[in-house]
Amino acid sequence: MRKLFSLGLGILLSLCLFGLANAKTLRLAMDADPVSMDPHVQLSGGMLQYSQLVFDPLVRWTQDMKFEPRLAVKWERLNPTTVRFYLRKGVKFHSGNPFTAKDVAWTMARLKKSPDFKGLFEPFAEPKIVDDYTIDIITKGPYPLLLNMATYIFPMDSKFYTGKDENGQPKDAIVKTGPSFANSHESGTGKYVVAYREQGVKWILKAFKDYWDKNSGNVDEIILTPIKNDATRVAALLSGDVDFIMPVPPQDYSRIEKNPNLQLITMPGARIITFQLNQKRRPEFANKKVRQAIVYAVNNVGIVEKIMKGKATPAGQQSPEGFLGHVPELTPRYDLAKAKQLMKEAGYPNGFECSMIAPNNRYVNDEKIAEAVASMLSKINIKVNLKTMPKAQYWDQFDARAADIQMIGWHPDTEDSANYTEFLLMCPDEKTGYGQYNSGNYCNPEVDKLILQAQTETNVEKRKAILQKVERILYEDAAFVPLHWQHLSWAASKKLKNAKDIVNKQNFPYFGNLIME
Amino acid sequence: MFAFIVRRFLQAVFVMLVISLIGFSIQHQIGDPVRDLVGISVSKKEREALREKLGLNDPFFIQYGRFLKKALHGDLGRSFFYKKPAVDVILSKAPATLELVFVTSILVIVFSIPLGIYCAIFPKKFLSRLIMGASVVGVSIPVFLTAIMLIYIFSVKLGVMPSFGRGELVHIGGYWYSGLFTWDGLKHLVMPSIALTSIMLPLFVRLIRAEMMEVLESEYIRFAWAKGLKPKRIWFVHAFKNTLLPVITVGGVQLGTLIAFTILTESVFQWQGLGFLFVEAVERADTTLLVSYLIFVGFVFVLINTLVDIIYGLVNPMVRITGKK
């Protein structure tokens, strides 16, 4: 570590001394930096953003949600459980070792050991190496999301990570809270090599001279600094101290748009914000009419306009456009008169009192949204006692089902409709883990059956029909209160020519493709 | 003197013990550290396994006992987030805060003494009223607002000052990377230290003024005037020296507070010091780091108060520190 440190410092100094004549340096500011150099230590946006810089996946998402070949050049389905991947030749790891099918198999085995990723890779069996550049990825049963999961396979240098480090710990150990070889060393195939890293302070990433993709961008060096405070992050961009920031706080959108030297890039994301109505705690919520009344009483279009400043898409269902389960007719349904009518029909014309909790630093404007919803519900005589808290405390409360109405936002790791329902709305079951975040205790055996069916249905059209049916049932049942899908936002200097092309719905900007003036 | 220092040392140990106990008992209220370590879709079973591995499921006193046992060997545990010993993390962040506090203290001393004395000697002059008026404004503007205003004016509008961070650092030795020796580092120090000074300076100007005015009314000063001493000698030697005592007391306490709670300034300027560390540790529920931080701050407070007591004796021989009979 010390060596790495002084090396980094040396590089820093020499940079200052000789100046950067032609080298293109991107100064990047994010709200937090990646927690480790080991891509398998945590399944989080930050770690995946890091993986895209330093490693390469087999395939990756394009902006329009298609698959783009990276380390896999092509693939074909051999049978319902097997897809054969043909790997790119002549690819080198940062250590100099050549990349082969063995590394893919090794990485998949490690993914299955990672506490964070093992759930996602549960459907996978051991892959079969055909030759150095061909590998069969096999699932235990027919699995429709195999390619979606291949976006998470960032092959690691099996040779580099094999053996023991100076502390006698195996180099491939996945350690969350202590030092490990993989936490502080990397050898990926990605465009950038970590040259210096001081956690929470600064990262310096240098272009890898033997990078396989010669048609990539022209940024030679990335300096990544976390800037946690929203106002400071924006100020750093406005003052020209950094070139690219993510995320952008909504209150500063117009300021950046008005600045002639800057560009604001936003894109509808897949993270939906919802409220769950706990039927176990409140018998009233077990009544479908009450749930519907609440959905009708919440003016989520208004929330998007007033609180989100238009930078969110009001939702009537879980799946956003572009997802298989999305049903265009399921739109937001605000209608106060109808809501009051439904309350009367349900037998609660005078309403009732209930509790609500929401985080105050997890989702964009989460606290304000919760306040708005609470006041909207007061119009149908439901008196809401709202409590908001920081995310560090929120999840314990959420898990304890501490309130009658609870907020949750969800982005499916699989980029697939079924994932929302699996976590948020299937009958909670300790054993299978389904409904882990279903604090509403909504439980509809038909929905469960359909989702399980969708998990093994590989025919896209049939699968689409199943997932759409699920959305319709949830809509009719008012299984949850949909608010909106958050937009993703980035802001950059206009020097970054193609900044708007390198971003995507997953929020993994492909900085390797960035072209700088 | 020796007995005094030993007594103080024991006091410090006691204070740190109490703080560690309090810190330990509140840490469960702060949140679940495991939540910050795993992705949201990770199953309960996996989370439970991690909790077990970190020993978070053990009863309170077993955890505390284990902590004390290690603490005796100088090991306060490992920060979950930094994956390093908490002591290392704190020591590596301390120079940033100390440098900021150091520069701020110099600014405060350099400006508060002349301004305070001036206001005390000429309380009715226009300039004095202006200073007093400005000091009320200074005290009432919250520091984060001052900080954001500084960033907005000097970084965004004028583009002359860097908006965040510590700039270029020089390795002095050990954990100490200093920004005091490079032009870039000094430039980065300017705005955070001004922001921090903006709350401390008015306080001290007012304090010095009030104390000095009181002293100027006292018998021995009147006697000095009657004796025909030169005004300069009366003001700066006889009156000022006696003004210092309460100023040092408050100064000592404030210095401790500064070190502990530069939180707002540090978060606005992304200044990687202890205040920033504390905020992040709370947010991430990095409980080991949090407890170590509290213990460290407790230690700093006791240390500063001890130093203040020693300086007391030097300034005013009438004060006898306890333990020196």
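Chain B folds into 13 helices and two strands. The model is predicted. The C-alpha trace of chain B spans about 85 × 60 × 35 Å along its principal axes. Chain B has 325 residues, and 36% of them count as buried. Among contacts in chain B with a separation of 6 or more, 70% join residues 24 or more positions apart.

Next, the interface. Here 40 residues of chain B are in contact with 38 residues of chain A. On the chain B side, several helices each supply at least two residues: H2 (33-37), H3 (44-54), H7 (143-157), H11 (263-268) and H12 (274-284). H7(B) gives the largest share, five residues.

Now turn to one residue of chain A. Arg60(A) sits in strand S2 of chain A, which covers residues 59-61. Is Arg60(A) buried or exposed? The neighbour count decides. Arg60(A) has 20 other C-beta atoms within 10 Å. A residue is buried if that count is 20 or more, so Arg60(A) is buried.

Which residues does Arg60(A) touch, leaving aside those up to four places away in sequence? They are Glu68(A), Arg70(A) and Thr151(A). Leu71(A) lies eleven residues from Arg60(A) along the chain, and their C-alpha atoms are separated by 9.4 Å.

Methods:
Residues are numbered from 1 along each chain as its sequence is written. Chains are lettered from A and ligands numbered from 1 in the order in which they are written. This is a predicted model: local features need pLDDT of at least 70, side-chain atom pairs count only at pLDDT 80 or more; totals for chains, interfaces and linings use all residues. Two residues are in contact if their C-beta atoms, placed from the backbone, lie within 7 Å. Helices (H or I, at least four residues) and strands (E, at least two) are DSSP runs, numbered from the N terminus. A residue is buried if 20 or more other C-beta atoms lie within 10 Å of its own, exposed if 12 or fewer, and partly exposed in between; C-beta atoms are placed from the backbone.
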